[in-house]
Amino acid sequence: MTAMTLAKAINSSLRTAMESDPKVLVMGEDVGKLGGVFRVTDGLQKDFGEERVIDTPLAESGIVGSAIGLALRGYRPVVEIQFDGFVFPAYDQIVTQLAKMHARALGKVKMPVVIRIPYGGGIGAVEHHSESPEALFAHVAGLKVISPATPSDAYWMLQQAIECDDPVIFFEPKRRYWDKGEVDTAAVPAPLHRALVAREGTDLTLAAYGPMVKVCLEAAKAAEEEGRNLEVVDLRSISPVDFDTLQASVEKTRRLVVVHEAPVFFGSGAEIASRITERCFYHLEAPVLRVGGFHSPYPPARVEEEYLPGLDRVLDAVDRALAF
Amino acid sequence: MSVKSTAARSSRGGAKRRGAAGQVPELVQLLTPEGERVEHSEYSIDLSPEELRGLYRDMVLTRRFDAEAITLQRQGELGLWASLLGQEAAQIGSGRATRPDDYVFPTYREHGVAWTRGVDPLNLLGMFRGVNNGGWDPNTNNFQLYTIVIGSQTLHATGYAMGVAKDGADSAVIAYFGDGASSQGDVAEAFTFSAVYNAPVVFFCQNNQWAISEPTEKQTRVPLYQRAAGFGFPGVRVDGNDVLAVLAVTRAALERARSGGGPTLVEAFTYRMGAHTTSDDASRYRLDTERQEWEAKDPIARLKAYLDNEKAADDAFYAEVEAESDALAKRVREGVRAMPDPDPMTIFDNVYADGHALVDEERAQFAAYRASFADTQEGAVR
Ligand SMILES: Cc1ncc(C[n+]2csc(CCOP(=O)(O)OP(=O)(O)O)c2C)c(N)n1
Ligand SMILES: [Mg+2]
C-alpha cells in the first residue's frame, strides 16, 4: 500500500501498463515533455521515449482518428484530451468510427482505445475547462464510459480499461487530482464495471461517480449528525451501469438520490432513475431524485460553487426524498 | 485573381523557401532588430512621425496592460491570464491595419488587437476573472468574443466574410490563430471555404513558436505560410516583431480581400516571451536562452531605436506615454477589483433568445431553494 494522489495513481497505472505491454502508447497534446497540463503523464516520455509517449499536433480529431488506425495495427493507444470541453473536435471520430468499428466488421476487429478526459468543475477555470459531458458518450452504443472517484480506483480501472478490447472513455475527476488515497498495486481489483458501496446505510441511497462521490460521503457524514443513515454507492461505471448493486441498495434503503455535476436534463441520472424505478417500483418510498447541473452553459468560475452540487444541494434532495 | 496567379504570388512573396520549419526564415522586414529602416521589394510603408509614435504608444500601453493583468492574477484578482508579451508588434501592426468596418475574430490572446479596435481593456478581463465568459457586444467594435476552442473562429471569420461579399460591401475580415491552431481541422476547412468562395478574409497566424509546450516542429514540416499555396491563395511570412512590416503586410492583405482578391495567409513570425498562461511553467520545456535571443528582437525597443534615430520622439513624448500607462494600469487595477461577482441567478440568463420552459422551471426552483436559506445563518452548512 502506498498513499498517492489521484494524478499520481494514473501516472503509475500508465507506467505499469507500458511496462507490461509494449503495444501501449500514450498520445495527446503536451503529454510528453511537459507531462500534461496536470502532470498526469509526468516522466513517461523520459522513460519510454518519444515513440511511445507522443506529443501530437493540436488536433483532437487527429488524435482519436489516428489512435483508431494504430489500434487497427495492433497498438493500444491511451489518448489524452486536454480538457472536457475540447473533446468535441474528436466527437465525430469517436461516435461514427471508434464506437462502431467492431460492429461494422462483424466482430473481426477490436478497438482497444482508451480516451482519458479530465472532466468536471470546481477548479476556477475559464470556459470549456469544467464540463461533464459523460452522457453524450454513454448514449453511444459501442463505448464504455467510466469514472473513478479514488486514487485506488483510478489506478486499477485504468489498468482494466487498457486491457479491455473495447473503446473506453475514462473520465478523470480533475478537481480530485490532488486528493490522496491508499493504492495497493498488488490487490485484486473489483471488476471494471462493478459499483461499490462506499458507505453503508439504511435510510436512503446516494448514487454518484467521479468527483461527486466525495461530496456524497460528506453529505452522508453531515446527515449522520442529524440521525440519518445514508448509504453511498460509487457507481464507477456509467456505461454499463451496475444496476444489480444499485438495486440491492435501493431495495434496502427504499430511497434513491442520484448526484452528478452534469446537467440533469437527459443526464445519466435520468437513465438511472428510470431503470431503478422499473426494477424497484414496489420498494420505493419516494420518487428517485436527481441533483446535478442546470440546463445552462457551465457558468463563469465565480459562480460555479452555486452551480455545482454541493453538500447543501445534496442534503436538500435527501430531505425531500425522506419527506415522502 | 485566378488561383494560378495567387499561388504564384505566394512563392515570390519575399520569403525564401526553406525545407523545414524552425530554420531562420527570410521574412518581410522593414525595421531590423536594431531599429534600422530597410526596404522590401514588395511591401513599403511611409508613416508620419505622429503615426510612428502612435504605434509606439499602442505597444507600450498594451504591454503595460498585460503586465498589470499578470500582477492581478498573482494577487488572486484574476483566475488566469494569457500574456501577449513579445507579440505586441504582431497585434498592433495588424490591428492598426484594419478599418472600423472590418471585422476581427480573435483567439484569447489578442489583447493588443482589442486595444486597436477600441475595446475597453477591462472588458477583456471579465472572463479571466471568472465573472463572465466574454460578455462584450462584438458588434460595438467589430471585435468578436474571445474563442478558447482552438481554431473554431477561423470558420466563423470565413462565414462572416462570405456574408460581407454577398452584401457587396468592401469590408474585410481578419481571423487570428496560433501556430498550434494551424493543425486543427477547422482551420483547414476555413482555408478551403474561403478559397472556394473567394471570401474577403485574412488569416493572421501568430507563430509564436510554441503551443503550450510543443514547438512548431510538432505541428508542421513546412513553414506555415506555405500552407496557403496548397489551398490556392497567397501566404506570406512577416517579421512579427516588426510593427511596420506587419502593418504593411496586413494592409496589403486586407486591401486585396476588399478588392475581390480573396483570402491571404499572413504568418507573423514572433515569440511568446512569457509562459503559455499564468498556469504554465515554461521552464519545464524550453530553454531560457531561446527567450533571451528573442529579447534582442523586442518589438518595442526596435521601434524606439528607430524613433530616436529619426528624432521622431523626444523625452516629453516618452514621459507622456509613461504617465499614460501608469494611469491605464491604475484604471485597470481599480476596475478589476471593483468588478462584482455575478448574481447566481444569472446562470439562467441568456441561455436562449426565445426562452425555454425548462430554464424557467429550473430558475424558479433554484430561487426557491436559495430563499430557503434566507432565515438560516448565511453560508453555514445547515
Ligand atoms: C480544441 C482545443 N484543444 C485544446 C485546447 C487547449 N489549449 C489551449 S491553448 C493551446 C495551445 C495553443 O497554441 P497556439 O495555437 O500556438 O496559440 P498560442 O497559445 O501560442 O497563442 C491548447 C492546446 C483548446 N483550447 N482547444
Ligand atoms: Mg503558439
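Contact here means heavy atoms within 4.5 Å. With that in hand, here is a set of close-ups from a predicted model.

**Figure 1. The contact between chain B and chain A.** Chain B brings 46 residues to this contact, and chain A brings 45 residues. The size of an interface is often given as the accessible area lost when the parts come together. For chain B and chain A that buried area is about 3,800 Å², and carbon and sulfur atoms give 57% of it. Polar links are found here too: 16 residue pairs are in polar contact between the two chains, both partners being at pLDDT 80 or more. On the side of chain B that touches chain A, the elements that give two or more residues are α5 (121-129) and α14 (357-371) of chain B. The largest share of that side, 6 residues, comes from α14(B). Sorted by residue class, the side of chain B that touches chain A has 24 nonpolar, 10 polar and 12 charged residues.

**Figure 2. A salt bridge across the two chains.** Side chains of opposite charge can pair when their charged atoms come close. Between chain B and chain A the count is 4 salt bridges. One of the salt bridges in the model joins the side chains of Lys218(B) and Glu50(A), at 3.5 Å from N to O.

**Figure 3. A salt bridge within chain A.** Over all chains, a search of the whole structure finds 46 salt bridges. Among them is the one where the side chains of Arg15(A) and Asp47(A) meet, at 2.7 Å from N to O. Arg15(A) sits in helix α1 (residues 6-20) and Asp47(A) in helix α2 (residues 44-48) of chain A, so the pair ties together parts that are 32 residues apart in sequence.

Figure 4. Asp179(B) belongs to the loop between β2 (173-178) and α8 (185-196) of chain B, while Asn208(B) belongs to the loop between β3 (201-207) and β4 (210-211). This pair, 29 residues apart, links distant parts of the chain.

**Figure 5. Two backbone details in chain A.** Have a look at the peptide bond between Ser239(A) and Pro240(A): the bond is cis, with omega about 0 degrees. Pro240(A) is found in the loop between β12 (237-239) and α9 (243-253) of chain A. The other detail is at Arg39(A), where phi is near 65 degrees, a positive value in a residue other than glycine. Arg39(A) is in the loop between β2 (24-28) and α2 of chain A.

Figure 6. In chain A, the unreviewed UniProt entry annotates residues 4-179 as "domain: Transketolase-like pyrimidine-binding". Over those residues the chain is 36% helix and 17% strand, and the end C-alpha atoms are 8 Å apart. In chain B, the unreviewed UniProt entry gives "domain: Dehydrogenase E1 component" for residues 57-331. That span is 47% helix and 11% strand, with its end C-alpha atoms 17 Å apart.

Key
Residues numbered from 1 in each chain as written. Chains lettered and ligands numbered in written order. Predicted model: local features only at pLDDT ≥ 70, side-chain atom pairs only at ≥ 80, totals over all residues. Heavy atoms only, no water. UniProt positions renumbered as here; feature names shortened; annotations may be inferred. Helix = DSSP H or I, 4+ residues; strand = E, 2+ residues; numbered from the N terminus. Buried area = accessible area lost by both parts, 1.4 Å probe. Polar contact = N/O pair within 3.5 Å; in protein donor to acceptor, adjacent residues only side chain to side chain. Nonpolar A, V, L, I, M, F, W, Y, C, P; charged D, E, K, R; others polar.
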